[in-house]
Amino acid sequence: MKHFYYFLSCCLFFCTQVHAQEDPVALAEEYLQQASQIYSQQKEAIEIAKELFVKAAELDPNNVKANWMAGQLYLETINKDQALKYLLRVQEKKPSYRFDIWYQIGRAYHYGLDFNQALDYYKKYEHKVTNDRHYRGRDRVLPEDVRRRIVECNNGKEIINQPARYSVEVLEPGINSVWPDYAPVMNEDETVMIFTSRRQEGNTSADVDKDNFYFEDIFISRKVGGKWGEAENIGPPINTAYHDANIALSADGNRLYLYKDVGRGDIFYSDFVNGEWTEPKFLTDKINSSVYSENSITETSSSDVVFYTSDRPGGFGGIDIYMCIKDDKGRWYKSKSLGPVINTKFDEESPFLAYDGKTLYFSSAGHKGYGGYDIFKSVYDSLKGEWSEPQNLGYPVNTPDDEIYFRASKDGRIGYYSSVREGGLGFTDIFRVKYHGSGKKMSGSELIAQAKKEKERAEIENLSSEESNATNMPSLPVDAKFEAHEMKLMDHAHRIYFNAAQSAIDEVHREELDSIISLLNKYKVLDINISGFASADGNPRYNLQLSQKRALIVLDYFVSHGVPEERIVAQGFGAVKAEGGGDPEENRRADVSIVARE
């Protein structure tokens, strides 16, 4: 298959060179035909097909089909917002080409986080489809679907204005492939990762399914030197010639839960005994049903309670999350739904119970999401016997695309999940999430002000140290005897400026950052907040990504100089909260503030 890609690339290069001087319209048509053939026959070559459709559309902007296909393939892969340019051309050249053209343009704006524009197009399409009730073409999007998109955009406007303290990065080479890779599960100490892939390389079967993807196989990777190693096929008896997918792994890594196409889909398990995996066994008919699908599961550390998903009747709609308890003799009780706080009329998927035994992560197409599946968390209150309102993990963990199969580390600072986004290889890939947050903070200026007040009070009242501590004034988290230059460092945010579209730290700022590092080394309870910004030159998604990169590059500088990552909060705010409407240079920055834990 690699030879096939190389051959295609050579052909593209040769074709471009030979026909460079020819009629661009004719060359565009040639690219269009090549792209159509590749797209219909080689699913894993979708990026090559997309490149050809884009070339055709650029050579002949009036070619409606080329522009439509370029837009559609962007919507099927990564950088979905880049579909906008081509879909707008279709609308301009031939508005009647697709009944749903306004809806698709709305999607492109939606993926670009430009929610206001997306809402305009969604509402135009909603009006159109509502007033043309007799149209039943395949390009008709149902009114209820577009109404859900409208809700998602309104949710997104609120969520994006409160970016979460996370960063997302693609895993090391050797895990992801050009094919779909998803459902990562780890043992408690994060030394083993098992995941599902539809890749060709290393697959048990040489055949493809009806969708032109290879059958699902389960792969395993082990962490060596702090990095995940090359993934290998886990082999029989786990994998067969047909679909095999993992869905959970016990904390000790010795029990692997599987989803198998038995009936409409059931949960099995295999145990790791004497260095080998046992033949997969049916879990229990208290969880599996004969005519409905059960496709994901998570368990408590004691394995006596499981949470799983099912589309059985009696739920709240679609796929719901259920709970089942096992008694001391190993007998399972009747399952029950987690109720309307967790489940919605939309689908809930891939639950994961954190190691604290009370925090449940799951994906949902409902709740307060802003597109596709979003990851939520809810905490169980054992005193009240109820789950908290699910909280969206926010941007950048969630996007308007699908985020699913989230798994958190024992300390909650690292997570792994599946997503389609920039940095991946084209289809669903596995990403690592890092949490860059901490508790409530006191700003440097507040700390200085409090220090001065305590000092003045002590002088006026001539209090002893013991008497001073007995007053109602809250005690300082650090020694109040700051030197003058230290107080100057703490009383304002330090602005680290960047060039346009760049996130590299200029040498001029390094001395200032090094002074902050020295202060942090001296006072161990001082922390830092980093806020990244961007000018309004790009679209909202680009600005948020760039501002996040700027915040993280400053974070990396501190970490590389010995500051523990736990002492740093880093967030990107895009252009939303950037100050200064005049000079865009003022907005291309990261603000570093010194804070203290209260």
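**Figure 1. Ser 350 in strand S16.** Ser 350 lies in strand S16, which covers residues 348–353; strands here are DSSP runs of type E with at least two residues, helices are runs of H or I with at least four residues, and both are numbered from the N terminus. The model shown is predicted, so that local features need pLDDT of at least 70 and side-chain atom pairs count only at pLDDT 80 or more, while totals for chains, interfaces and linings use all residues. Residues are numbered from 1 along each chain as its sequence is written, and side-chain values use heavy atoms, with hydrogens and water left out. Phi of Ser 350 is near 40 degrees, a positive value in a residue other than glycine. Most residues other than glycine have a negative phi, and most peptide bonds are trans. Ser 350 counts as buried at 1% relative accessibility, where buried means under 20% relative accessible area, exposed means over 50%, and partly exposed is in between, with a 1.4 Å probe and protein chains only.

**Figure 2. Ser 303 in the loop between S12 and S13.** Ser 303 is placed in the loop that lies between strand S12 (294–299) and S13. Although Ser 303 is not a glycine, it has a positive phi of about 65 degrees. With a relative accessibility of 24%, Ser 303 counts as partly exposed.

Figure 3. Phe 307 has its place in strand S13, made up of residues 305–310, and is buried, with a relative accessible area of 4%. When residues up to four places away in sequence are not counted, Phe 307 touches Ser 296, Ile 297, Thr 298, Ile 321, Tyr 322, Met 323, Leu 338, Pro 351, Leu 353 and Trp 387, a contact being heavy atoms within 4.5 Å. Phe 307 and Phe 352 are 45 residues apart in sequence, and their C-alpha atoms are 8.0 Å apart in space.

**Figure 4. Ile 319 in the loop between S13 and S14.** Ile 319 is found in the loop between S13 and strand S14 (320–325), and it is buried, with a relative accessible area of 15%. Leaving aside neighbours within four places in sequence, the contacts of Ile 319 are with Asn 295, Thr 309, Ser 310, Asp 311, Phe 346, Asp 347, Glu 348 and Glu 349.

**Figure 5. Helix H5 against helix H6.** Helix H5 (residues 84–93) and H6 pack with their axes 9 Å apart and at an angle of about 160 degrees; axes are lines fitted to C-alpha atoms, for helices over the stretch in contact, and angles run from 0 to 180 degrees between N-to-C directions. That angle makes H5 roughly antiparallel to H6, since angles over 145 degrees count as roughly antiparallel, under 35 as roughly parallel, 65 to 115 as roughly perpendicular and the rest as oblique. The contact is made by Leu 84, Leu 87, Leu 88, Val 90 and Gln 91 of H5 together with Ile 101, Trp 102, Gln 104, Ile 105, Ala 108 and Tyr 109 of H6. By class, this contact of H5 with H6 has nine nonpolar, two polar and no charged residues, where Ala, Val, Leu, Ile, Met, Phe, Trp, Tyr, Cys and Pro count as nonpolar, Asp, Glu, Lys and Arg as charged, and the others, Gly among them, as polar.

**Figure 6. Helix H6 against helix H7.** The axes of helix H6 (residues 101–111) and helix H7 (residues 115–131) come within 8 Å and cross at roughly 160 degrees, which makes H6 roughly antiparallel to H7. On the H6 side, Trp 102, Tyr 103, Ile 105, Gly 106, Arg 107, Tyr 109 and His 110 meet Phe 115, Gln 117, Ala 118, Tyr 121, Tyr 122, Lys 124, Tyr 125 and Lys 128 in H7. The residues of this contact of H6 with H7 divide into nine nonpolar, three polar and three charged.

**Figure 7. Two cis peptide bonds in loops.** The peptide bond from Pro 236 to Pro 237 is cis, with omega near 0 degrees, and Pro 237 is found in the loop between strand S6 (232–233) and strand S7 (245–249). The peptide bond from Tyr 395 to Pro 396 is likewise cis, with omega near 15 degrees, and Pro 396 is found in the loop between strand S20 (391–392) and strand S21 (403–408).
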